[in-house]
There are 2 protein chains.
Amino acid sequence: MSKVLMGPQTLIYPMPALLVGANVDDKPNFMVVAWSGIANGEPPMISVAIRHHRYTHRGIRQNLTFSVNVPSTDMVRETDYCGIISGAKANKVEGCQFKVFYGKLDNAPLIEQCPINLECKVMHILDLGSHSLIIGRIEETHISESCLTDGKPDVSKIKPLIYTTAPAHQYHAFGEVIAQAFSIGEELKARE
Amino acid sequence: MSKVLMGPQTLIYPMPALLVGANVDDKPNFMVVAWSGIANGEPPMISVAIRHHRYTHRGIRQNLTFSVNVPSTDMVRETDYCGIISGAKANKVEGCQFKVFYGKLDNAPLIEQCPINLECKVMHILDLGSHSLIIGRIEETHISESCLTDGKPDVSKIKPLIYTTAPAHQYHAFGEVIAQAFSIGEELKARE
């Protein structure tokens, strides 16, 4: 198999598109973040990479809290809009007609229309170069009742948006089930 | 829209399934990581969350390098196998018949069969609780020539595996294109 060198780059695999929220000067604002990650299991933590100058970044530093809202495929317009305009120039809550609510933390704004909402407290902010890596401890998880099956989150109802840069900056849906984890690999184990 | 509280948890949105590699006592080993993230743009960095006791973790600490290999859907058996067995107990390279090669860094093992391979140098290791968050600077990116379209990575050829815990620990394919990013949101902008 022939390999091609592409140089150092991050732009090559799919990540969920998230709406990260913060109160900036006491007003809720949201931005799109594709550069996120799961950072820890117990206690549950999440990371988001945000350029230093971003408007939402200011709010996160003001309150040391933020929210992560998972939009569904039917919110693709609103999601993209939050990525192409700055909260310094537009009221995105109005523009998107988001219904904002607050949970356990009283200054991490949550979007009711998003099937999943995480409330996070900032644990670490690492300056890594172009971006700050902000690591937050998840304090509470909200899920829309309509996205549960037998009381558990159901990804086929949540319908998350997956963002790729390669080749053409697109939002994708979640695809079909390929296999059961912690199971399909047993076939190779049997060969040992 | 009615919301349900789920408590603090990380298990609710899709992440790419990755094979993270390290030389442990000079021998290549690979583990599945779903808890990864993109950490920085310039220079490009990636994060992986790994439990402290894991065998691969030992190798990463020994060399302060690691690799990130993106498996395609046709490698689901091998991927899952690397997640259900420890390198302390089995030679996973043999079990999976991985063809291992090395690139710019001479001790970060890469899997030829994986369409994308990243070579990473450790920049930070944060102990966050159950997991270490390991942040690596991407030193080189390899891509299989067969996964390029017009010289650019093509996700429809890479066919990454997406892992979800909700509801049932499954590997999914990548779904259809929903919309063009930095474009569909213009419709809302026009409404302002």
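**Figure 1. Salt bridges across the interface of chain B and chain A.** Four salt bridges are found across the interface of chain B and chain A; a salt bridge is a side-chain nitrogen of Lys or Arg within 4 Å of a carboxyl oxygen of Asp or Glu. B:Arg51 and A:Glu42 meet through their side chains in a salt bridge, at 3.2 Å from N to O. This is a predicted model, in which local features need pLDDT of at least 70, side-chain atom pairs count only at pLDDT 80 or more, and totals for chains, interfaces and linings use all residues. Residues are numbered from 1 along each chain as its sequence is written, chains are lettered from A and ligands numbered from 1 in the order in which they are written, and side-chain values use heavy atoms, with hydrogens and water left out.

**Figure 2. The contact of chain B with chain A.** Chain B brings 107 residues to the contact and chain A brings 106 residues, where contact means heavy atoms within 4.5 Å. The two chains bury about 9,400 Å² between them, with 65% of it on carbon and sulfur atoms. Buried area is the accessible area (1.4 Å probe) that two parts lose on being put together, summed over both. On the side of chain B, the residues that lose the most area to chain A are B:Lys3, B:Tyr13 and B:Ile38, together 9% of what that side buries. Between chain B and chain A, 58 residue pairs are in polar contact, both residues being at pLDDT 80 or more. A polar contact is a pair of N or O atoms within 3.5 Å; within protein, one must be able to donate a hydrogen and the other to accept it, and residues adjacent in sequence count only if both atoms are side-chain atoms. Strand β15 (residues 170–180) of chain B gives the most to the side of chain B that touches chain A, with eleven residues. Helices (H or I, at least four residues) and strands (E, at least two) are DSSP runs, numbered from the N terminus.

Figure 3. B:Ser36 is placed in strand β5 (residues 36–40) of chain B. With a relative accessible area of 0%, B:Ser36 is buried; buried means under 20% relative accessible area, exposed over 50%, and partly exposed in between (1.4 Å probe, protein chains only). Leaving out residues up to four places away in sequence, B:Ser36 touches A:Tyr13, A:Ser36, A:Gly37 and A:Ile38 from chain A, and B:Met15, B:Pro16, B:Leu18, B:Ser47 and B:Val48 from chain B.

Figure 4. A:Tyr163 and A:Tyr171 have ring centres 5.7 Å apart and planes at 55°, so the pair is tilted. Rings of Phe, Tyr and Trp (its six-membered ring) pair if their centres lie within 6.5 Å; planes under 30 degrees apart count as stacked, over 60 as edge-to-face and the rest as tilted. Both A:Tyr163 and A:Tyr171 are buried. In chain B, B:Tyr163 and B:Tyr171 form a tilted aromatic pair, 5.7 Å centre to centre with 55° between the planes. B:Tyr163 is buried at 12% relative accessibility, and B:Tyr171 is buried at 3%. Ring pairs also link A:Tyr163 and A:Tyr171 with B:Phe182 into a cluster.

**Figure 5. Helix α1 of chain A and its cover.** Helix α1 (residues 55–63) of chain A has the buried residues A:Tyr55, A:Thr56, A:His57, A:Gly59 and A:Ile60. Among the elements of chain A that cover these buried residues are β3 (18–24), β4 (27–33), β6 (45–51), β7 (65–70), β10 (116–127) and β11 (131–144). A:Leu64 follows α1(A) and has a positive phi, near 55°.

**Figure 6. A:Phe66 in the largest nonpolar core.** The largest nonpolar core has 84 residues, and of these A:Phe66 and B:Phe66 touch the most other members. A nonpolar core is a set of buried Ala, Val, Leu, Ile, Met, Phe, Trp, Tyr and Cys residues joined through side-chain atoms within 4.5 Å. Not counting residues up to four places away in sequence, the residues that A:Phe66 touches include A:Val20, A:Ile46, A:Ile60, A:Leu118 and A:Ile134.

**Figure 7. Salt bridges within the chains.** Over all chains, a search of the whole structure finds eight salt bridges. The side chains of A:Asp25 and A:Arg58 meet in one at 3.0 Å, N to O. A:Asp25 lies in the loop between β3 and β4 of chain A and A:Arg58 lies in helix α1 of chain A, so the pair ties together parts that are 33 residues apart in sequence. A:Asp25 is partly exposed at 44% relative accessible area, and A:Arg58 is partly exposed at 42%. B:Asp25 forms a salt bridge with B:Arg58, with the closest N and O atoms 3.0 Å apart.
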